[in-house]
Amino acid sequence: LSWKGLIFLIVYVCIGAFTVIACCTCLDHRKDYLDDSETFRLELNVFMTGIVNIIIVHMVLVLNSAIVTMPKKGDEPYRSLAIVMRVLSVIVFVNTVLNLWVQLEEAKYL
């Protein structure tokens, strides 16, 4: 496992952990959401999106445990998929951090 692979492995784990925290903050004031249907729909959307992201990140972690090296240049479709997966993981990481930040500010944890 190279240092780049290790960095992306840490990124995947952080995405999963931050998403779990964001999902838990959605459930923190669930009784308050029943009175306001708009807030309930917003928090339900954040929760369901978080659950889907958690499943995807765990699937990527399983894939990375099976394939620990970047495919060579001769294995072209798989190499491109691995590179795009790493680029998308950085984008998802930024989105997850922003989502967690908004959730924690809204719940008055920050």
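Visitor: What makes up the contacts between residues at least 6 apart in sequence?
Guide: Of these contacts in the chain, 68% join residues at least 24 apart; contact here means heavy atoms within 4.5 Å. This is a predicted model, in which local features need pLDDT of at least 70, side-chain atom pairs count only at pLDDT 80 or more, and totals for chains, interfaces and linings use all residues. Residues are numbered from 1 along each chain as its sequence is written, and side-chain values use heavy atoms, with hydrogens and water left out.

Visitor: How do you know what helix α1 should span?
Guide: The expected span is 1.5 Å times one less than the number of residues. With 26 residues (3–28), α1 should therefore span 38 Å, and its end C-alpha atoms are 37 Å apart, which agrees.

Visitor: Why are some residues of α1 called buried?
Guide: Because buried means under 20% relative accessible area (exposed is over 50%, partly exposed in between; 1.4 Å probe, protein chains only). In α1 the buried residues include Phe 8, Tyr 12 and Ile 15. Across the chain, buried residues make up 25% of the 110 residues.

Visitor: What radius of gyration does the chain have?
Guide: The chain has 17 Å, whereas a compact globule of 110 residues would have a value near 13 Å. The radius is taken over C-alpha atoms, and the globule rule is 2.2 Å times the number of residues to the power 0.38. Along the principal axes, the C-alpha atoms fill a box of roughly 60 × 25 × 20 Å.

Technical notes:
Helices (H or I, at least four residues) and strands (E, at least two) are DSSP runs, numbered from the N terminus.
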